[in-house]
Amino acid sequence: VMRRWTKPLSELVTVTRRLAAGKPPEPLLVRSMDELGFLACAFNEMASSLMASRRELVDINASLEQRVKDRTAELHEAMTKLDEMASTDALTHLANRRAFNSALTRFVEDSRKSNGDMAAILIDLDGFKPVNDTYGHDVGDELLVLTGKVLTKHTHDFDIAARLGGDEFAMLIRRTTEEEAVERAQAILEDFTAEAAKLLSRFEQDVPVSMSVGVAMRRKMRATDGETLIRYADRALYAAKGSGKACVRVAEPVREDETSDTTEEAA
């Protein structure tokens, strides 16, 4: 009698522990239709129901985890797009002024720490306003887009090209020499002038378009911050405009006697 009761109870304890551990238990054998048989039937039904619920919860959890992963990926993509929109010029797809200023600070700091050189190039389109006035803003936008493509073509890895606003553009060249920077600036000017002529060749009226370019080297100008370097590049750009436009000019250090002469003239 004891064996008749203890064996089924021992089996019940074993499968109960297995169920508690999250493992699917083997169904209990129903050896009789007495109280032990009814207990075995009730346990089998309970275990089957619990395991079905467990599987459902696992499936729901897996689905929720996948949804969380999907939403996280979507959020990351949206944040990336927002960051890109905040730092990119919508028309030319170059960096905007905000991104340029941020890069300028990094470039100058890197140049100072490595004791290397870098170049800041400022570009202003010559003849852009007459194109806008003569052919309309759509053609003017085509010229701006063309400028973006030319600059992108001549922007190497780790450099940055930007549209600062209107028809003003800029480029920062990391770890370069003056010769290389001037070469790059001249190539940009020549490439743009040729492509702009092709773009405007569909019009009967000839409105020549080119660009004036100013180059400033950080070490040559002893610039310790980005604002100073850009001021020198702007001075070179102004010199290019004053030299008849459509040319590249490099900023040169101002001698002390030139500084005093300029001060006396201003007075």
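This is a tour of one predicted model, going from the whole chain to a helix pair and then to selected salt bridges.

**Whole chain**

Of the 267 residues, 37% are buried. Among contacts with a separation of 6 or more, 70% are between residues 24 or more positions apart.

**Helices H4 and H5**

Select residues 128-135, which form helix H4, and residues 137-153, which form helix H5. Two packed helices are described by the angle and the distance between their axes. Here the axes come within 7 Å and cross at roughly 145°. Show side chains at the contact: on the H4 side are Phe 128, Val 131, Asn 132 and Tyr 135, and on the H5 side His 137, Val 139, Gly 140, Leu 143 and Leu 144. By class, this contact has 6 nonpolar residues, 3 polar residues and no charged ones.

**Arg 163 and Asp 89**

The whole structure contains 12 salt bridges. For one of them, select Arg 163 and Asp 89, whose closest N and O atoms are 3.3 Å apart.

**Arg 174 and Asp 110**

Next, select Arg 174 and Asp 110, a salt bridge with its closest N and O atoms 3.5 Å apart. Arg 174 belongs to strand S3 (residues 168-174) and Asp 110 to helix H3, and the pair links parts of the chain 64 residues apart. Arg 174 is partly exposed, at a relative accessible area of 25%.

**Lys 153 and Asp 191**

Finish with Lys 153 and Asp 191, whose side chains form a salt bridge with an N to O distance of 2.9 Å. Lys 153 is in helix H5 and Asp 191 in helix H6 (residues 178-200), so this pair ties together parts 38 residues apart in sequence. Colour by accessibility to compare the partners. Lys 153 is exposed, with a relative accessible area of 58%, whereas Asp 191 counts as buried at 15% relative accessibility.

Notes
Residues are numbered from 1 along each chain as its sequence is written. This is a predicted model: local features need pLDDT of at least 70, side-chain atom pairs count only at pLDDT 80 or more; totals for chains, interfaces and linings use all residues. Side-chain values use heavy atoms; hydrogens and water are left out. Axes are lines fitted to C-alpha atoms, for helices over the stretch in contact, and angles run from 0 to 180 degrees between N-to-C directions. Helices (H or I, at least four residues) and strands (E, at least two) are DSSP runs, numbered from the N terminus. Contact means heavy atoms within 4.5 Å. Ala, Val, Leu, Ile, Met, Phe, Trp, Tyr, Cys and Pro count as nonpolar, Asp, Glu, Lys and Arg as charged, and the others, Gly among them, as polar. A salt bridge is a side-chain nitrogen of Lys or Arg within 4 Å of a carboxyl oxygen of Asp or Glu. Buried means under 20% relative accessible area, exposed over 50%, partly exposed in between (1.4 Å probe, protein chains only).
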